[in-house]
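Try each task on your own, then walk through the solution step by step.

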Amino acid sequence: KSGGWYPGPEMLWIGEDGQVLPQAETMYHEDTEGLVNVERNVTVTRQSTHKIKCVVRSRRFNVKHEAIVKISDDIFPADWVLPLVLTICLLIAAHRAVFYWNVKQNRRIKGLMMGD
């Protein structure tokens with residue numbers, strides 16, 4: 001986010017390698033004084049980069065502002081979390097299937113015993 005511009009500036013997110021990162025559409029909002037506030041989101045993955053730069057510039061007035069954001073690996077889940085969650089879900093599903101099968105078998109056995 002950046003505010004207080006006139007006219008609306010260009011906003012880019014740039015990776016450590018100098019390449020422009022894939023990003024969402026830029027949103028412009030004009031305040032009550034006619035100044036423009038700009039906002040643009042970017043999605044960062046563990047593989048993409050650890051340091052990104054936001055560049056906001058007005059080519060008309062040759063003004064440029066930059067902000068560098070350093071991203072720690074700590075914000076990304078550890079590599080073992082997804083397999084653990086999937087294993088737990090599979091165990092719960094297997095437990096429910098066995099429980100359902102036991103209930104069904106018990107009803108069948110009771111039905112056979114009542115018929116004798």
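**Exercise 1.** Leaving aside neighbours within four places in sequence, find the residues that Phe76 is in contact with.

*Solution.* Start from the rule: contact means heavy atoms within 4.5 Å. Skipping the neighbours within four places in sequence, Phe76 is in contact with Val44, Thr45, Arg46 and Ile71.

Before going on, a word on the model. It is a predicted one, where local features need pLDDT of at least 70 and side-chain atom pairs count only at pLDDT 80 or more, while totals for chains, interfaces and linings use all residues. Residues are numbered from 1 along each chain as its sequence is written, and side-chain values use heavy atoms, with hydrogens and water left out.

**Exercise 2.** Which residues make up the largest nonpolar core, and which element gives the most to this core?

*Solution.* 
- Step 1: recall the term. A nonpolar core is a set of buried Ala, Val, Leu, Ile, Met, Phe, Trp, Tyr and Cys residues joined through side-chain atoms within 4.5 Å. Buried means under 20% relative accessible area, exposed over 50%, and partly exposed in between (1.4 Å probe, protein chains only).
- Step 2: list the members. The largest core has 12 residues: Trp5, Met11, Trp13, Leu21, Val36, Val38, Val44, Ile52, Cys54, Val56, Ile71 and Phe76.
- Step 3: sort by element. Two or more residues come from each of β2 (10–14), β4 (36–39) and β5 (51–58). Strands like these are DSSP runs (E, at least two residues), as helices are (H or I, at least four), numbered from the N terminus.
- Step 4: pick the main giver. That is β5, with three residues.

In soluble globular proteins, nonpolar side chains tend to be buried together.

**Exercise 3.** Is Thr26 buried or exposed, and what does its side chain make a polar contact with?

*Solution.* 
- Step 1: Thr26 sits in the loop between β2 and β3 (27–30).
- Step 2: check the accessibility. Thr26 counts as buried because its relative accessibility is 15%.
- Step 3: look for partners. Not counting residues up to four places away in sequence, Thr26 touches Met11, Val38, Glu39 and Arg40.
- Step 4: find the polar contact (a pair of N or O atoms within 3.5 Å; within protein, one must be able to donate a hydrogen and the other to accept it, and residues adjacent in sequence count only if both atoms are side-chain atoms). The side chain of Thr26 makes one with the side chain of Arg40, at 3.0 Å.

**Exercise 4.** Which residues do salt bridges that share partners join into one network?

*Solution.* 
- Step 1: set the rule. A salt bridge is a side-chain nitrogen of Lys or Arg within 4 Å of a carboxyl oxygen of Asp or Glu. By this rule the count is four.
- Step 2: take one pair. Glu10 and Arg57 meet through their side chains at 2.8 Å, N to O. Glu10 belongs to strand β2 and Arg57 to strand β5, so the pair ties together parts that are 47 residues apart in sequence.
- Step 3: take another pair. The side chains of Arg59 and Glu10 form a salt bridge at 3.3 Å, N to O. Here Arg59 is in the loop between β5 and β6 (63–70) and Glu10 in strand β2, 49 residues apart.
- Step 4: join them. Through shared partners, Glu10, Arg57 and Arg59 form one network.
- Step 5: compare accessibility. Glu10 is partly exposed at 27%, Arg57 is partly exposed at 23%, and Arg59 is exposed at 62%.
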